[in-house]
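This report describes the architecture of a protein model, from the packing of its elements down to single residues. Please consult the sequence and coordinates shown below while reading.

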Amino acid sequence: MAGRDWSEVVEESVRQHVDSTGDPVFSRQDLIDAELNWIVSETGSEGATPHMTLSRELQQLRDAGVLEFVDDRGTYRLVG
């Protein structure tokens, strides 16, 4: 079954996570813990490494100006 686009789902999950915590700063691991199961379900992903796909999508959101790196330990801030 084909699911939704990874980029769209990851951005939505970041916004959901930030809304639920009330903090625009989050770690990659926080997002994995809180949102990865939902992301995989929404995308219909059957890959072996969805956490790596999530990392790539976070980097693309950073490149697009939606996120910024806070540090070199996987911490991001939602800016867009």
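At roughly what angle do the axes of helix H1 and H3 cross?

## Packing of H1 against H3

In this predicted model, the axis of helix H1, which spans residues 6–21, crosses that of H3 at roughly 80 degrees. The two axes come within 10 Å. Angles of 65 to 115 degrees count as roughly perpendicular, and H1 and H3 are therefore assigned to that class.

On the H1 side, the residues that meet H3 are Trp6, Ser7, Val10, Glu11 and Val14. Their counterparts in H3 are Pro50, Thr53, Leu54, Glu57, Leu58, Gln60 and Leu61.

## Overall composition and dimensions

The secondary structure of the protein consists of three helices and three strands. Along the sequence, these elements follow the pattern α-β-α-α-β-β.

For 80 residues, a compact globule would have a radius of gyration near 12 Å, and the protein agrees with this expectation because its own value is 12 Å. Along the principal axes, the C-alpha atoms fill a box of roughly 35 × 25 × 20 Å. The accessible surface comes to about 4,700 Å², and carbon and sulfur atoms contribute 46% of that surface. Of the 80 residues, 35% count as buried. Among contacts with a sequence separation of 6 or more, 56% are between residues 24 or more positions apart.

## The sheet

The three strands form an open sheet in the order E1-E3-E2, with antiparallel pairing. Strand E1 (25–27) and strand E2 (67–69) are the edge strands, each pairing on one side only. From one strand to the next, the twist averages 35 degrees.

Phenylalanine 69 stands opposite tyrosine 76, a residue of E3.

## Helices on the sheet

Helix H2, comprising residues 28–43, lies across E1 and E3. The direction of H2 makes an angle of about 80 degrees with E1. Helix H3 (residues 50–63) also packs on the sheet, where H3 touches E1, E2 and E3. The direction of H3 makes about 100 degrees with that of E2.

## Two contrasting residues

Is leucine 58 buried or exposed? This residue of helix H3 has 0% relative accessibility and therefore counts as buried, the threshold being under 20%. Beyond its neighbours within four places in sequence, leucine 58 is in contact with Val10, Val14, Phe26, Arg28, Leu31, Leu67 and Tyr76. Of these partners, Val10 and Val14 belong to the H1 residues that meet H3. Leucine 58 and glutamate 46 are separated by 12 residues in sequence, and their C-alpha atoms are 19 Å apart in space.

Alanine 64 is located in the loop between H3 and E2. Its relative accessibility is 59%, so alanine 64 counts as exposed, the threshold being over 50%. Between alanine 64 and valine 18, the sequence separation is 46 residues, and the C-alpha to C-alpha distance is 18 Å.

Definitions and conventions. Residues numbered from 1 in each chain as written. Predicted model: local features only at pLDDT ≥ 70, side-chain atom pairs only at ≥ 80, totals over all residues. Heavy atoms only, no water. Pairing = 2+ DSSP bridges. Helix = DSSP H or I, 4+ residues; strand = E, 2+ residues; numbered from the N terminus. Axes fitted to C-alpha atoms, helices over the stretch in contact; angles between N-to-C directions. Contact = heavy atoms within 4.5 Å. Rg over C-alpha atoms; globule rule 2.2 N^0.38 Å. Buried < 20%, exposed > 50% of the residue type's maximum accessible area, 1.4 Å probe, protein only. Areas by Shrake-Rupley, 256 points an atom, 1.4 Å probe, with all protein chains shown as cover. Parallel < 35°, antiparallel > 145°, perpendicular 65-115°, else oblique.
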